[in-house]
Amino acid sequence: LPAASGLAEMGAHWIHGPSPGNPVFRLATRYGLLGHEAAQEENQRAEAGGHPPLPSVTYGSSGRVLSPQTVSEARDLFDSLLAAARAFQGVKELPASSVGQYLRAEIARRVPTFGEGEEDARRLWLAVLATCLKLECCISGTHSMDLVALEPFGEYVSLPGLDCTFPGGYSSLPDHMVSALPEGTILLNKAVKTIQWKGSFHEEGDEGRDFPVRVECEDGDTFLADHVIVTVPLGFLKERHQDFFQPALPEQKAEAIRRLGFGTNNKIFLEFEQPFWEPQQQLLEVVWEDESPLEEPSTDLAASWFKKLIGFVVLQPPEQHGHILCGFIAGKESEYMETLSDTEVLSTMTHVLRTLTGNPCLPAPRSVLRSQWHSAPYTRGSYSYVAVGSSGDDIDVLAQPLPEDPKDPRPLQLLFAGEATHRTFYSTTHGALLSGWREAERLNRL
């Protein structure tokens, strides 16, 4: 963004659970990449459950700030229901197949009709709970919590520690890791077209040595290898695995790719000349007061896509970033947003903020920048979740190297890493990192 430090995290934003059990945190600490606060012991011990508790203000669509007490009471209820939803591992008789169905049934039970004259209070509780569900969609990277399987939901592990960011940007971590490698080890902007395996390929003029794998790039270059670690996102595999691998992947692997969930979570950065929020506010939450988790959401994306937005994080510190809000939006609405022009997104966001603050003269943001993870051909979304009809076993199947027979004379031709291959840390950078180390270790043991 022009006036800021040039630092806008289009992808990973926080270290989730910065504590000794998190390899991203350990490396960042070793390289001295974190601020003083993140390194403090009490921060590492805090149990935030994956939600950093930021000082916040909640705007309602009627143009008023909502009562912090009402908002926190409704959120406490939601958090307790979410915790209950994590307790169904191994249970044979499930109350529902998806997290969304379970939460809605519990909400209907727990938010009874208030007494005479208290209908407004009930409606507001339901509206806040609807926002909580949208936030959970962002965290799970899904269109709806109805798509997220209930039974395996508790397998995901949240590490202790208050989520923190990299003052120099997330890329400062891979930059440090790469700096130890010999020059020319990494080729960027080298799109791969197909990976041929189970073959017998020779370098030109060298018939004495054959390789089982041949990687062909879009530009016609080829690389021969004994082993290839594939780390492409699950979204890419869903769309391309049939033509990307020759021969095709075994049926069990293809089924796991099909069954697991992969959705979109995007960011919308808005830059302002001056902040309209208070200096202590780090999170501006959005509640559409006419919404309820007990009613079907609108399917008219053009008219209501922006209502899926959960709110805005204020980028810290303003001395470094300028006055920038980062909005989060998931699902089909997020994918629809990608099809709009910057001008359309900016004018819609201006309209939304004027509505929420009740200030029709609120100055428009001076610039907008957004991620477009669904349209990006090599990602086709953001990260994975365990969908209804799949289980953690599918993650393990996805992670299994090929050929399947461990006694194959040419073992470990294709190895699979990436966040979608880590059973307890899927959707995270630390899950992705650990999966890469896991596959490297597999090769080390050969």
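In this predicted model, strands β12 (residues 283–287) and β13 (residues 311–314) run antiparallel and are joined by three bridges. Within this pair, Glu285 lies opposite Gly311 of β13. Both strands belong to an open sheet of seven strands with mixed pairing, in the order β2-β1-β12-β13-β14-β11-β15. The edges of the sheet are formed by β2 (64–65) and β15 (367–370), each of which pairs on one side only. Helix α11 (residues 331–338) packs on this sheet and touches β11 (265–272), β14 (323–330) and β15. The direction of helix α11 makes about 120° with that of β14.

Helix α5 spans residues 119–140 and includes Lys134. Lys134 counts as buried because its relative accessibility is 9%, under the 20% limit for that class. Apart from neighbours within four places in sequence, the residues in contact with Lys134 are Trp288, Glu291, Lys307, Lys308 and Ile310.

The cysteines were examined for disulfides. A disulfide is a covalent bond between the sulfur atoms of two cysteines. With a cut-off of 2.5 Å between the sulfur atoms, the count in this model is zero. Cys132 is accordingly in no disulfide, and the nearest cysteine sulfur, which belongs to Cys137, is 11 Å away. Cys132 has a relative accessible area of 6% and is therefore buried. Cys217 also counts as buried, since its relative accessibility is 2%.

Terms used. Residues are numbered from 1 along each chain as its sequence is written. This is a predicted model: local features need pLDDT of at least 70, side-chain atom pairs count only at pLDDT 80 or more; totals for chains, interfaces and linings use all residues. Side-chain values use heavy atoms; hydrogens and water are left out. Helices (H or I, at least four residues) and strands (E, at least two) are DSSP runs, numbered from the N terminus. Buried means under 20% relative accessible area, exposed over 50%, partly exposed in between (1.4 Å probe, protein chains only). Contact means heavy atoms within 4.5 Å. Two strands pair if DSSP finds at least two bridges between them. Axes are lines fitted to C-alpha atoms, for helices over the stretch in contact, and angles run from 0 to 180 degrees between N-to-C directions.
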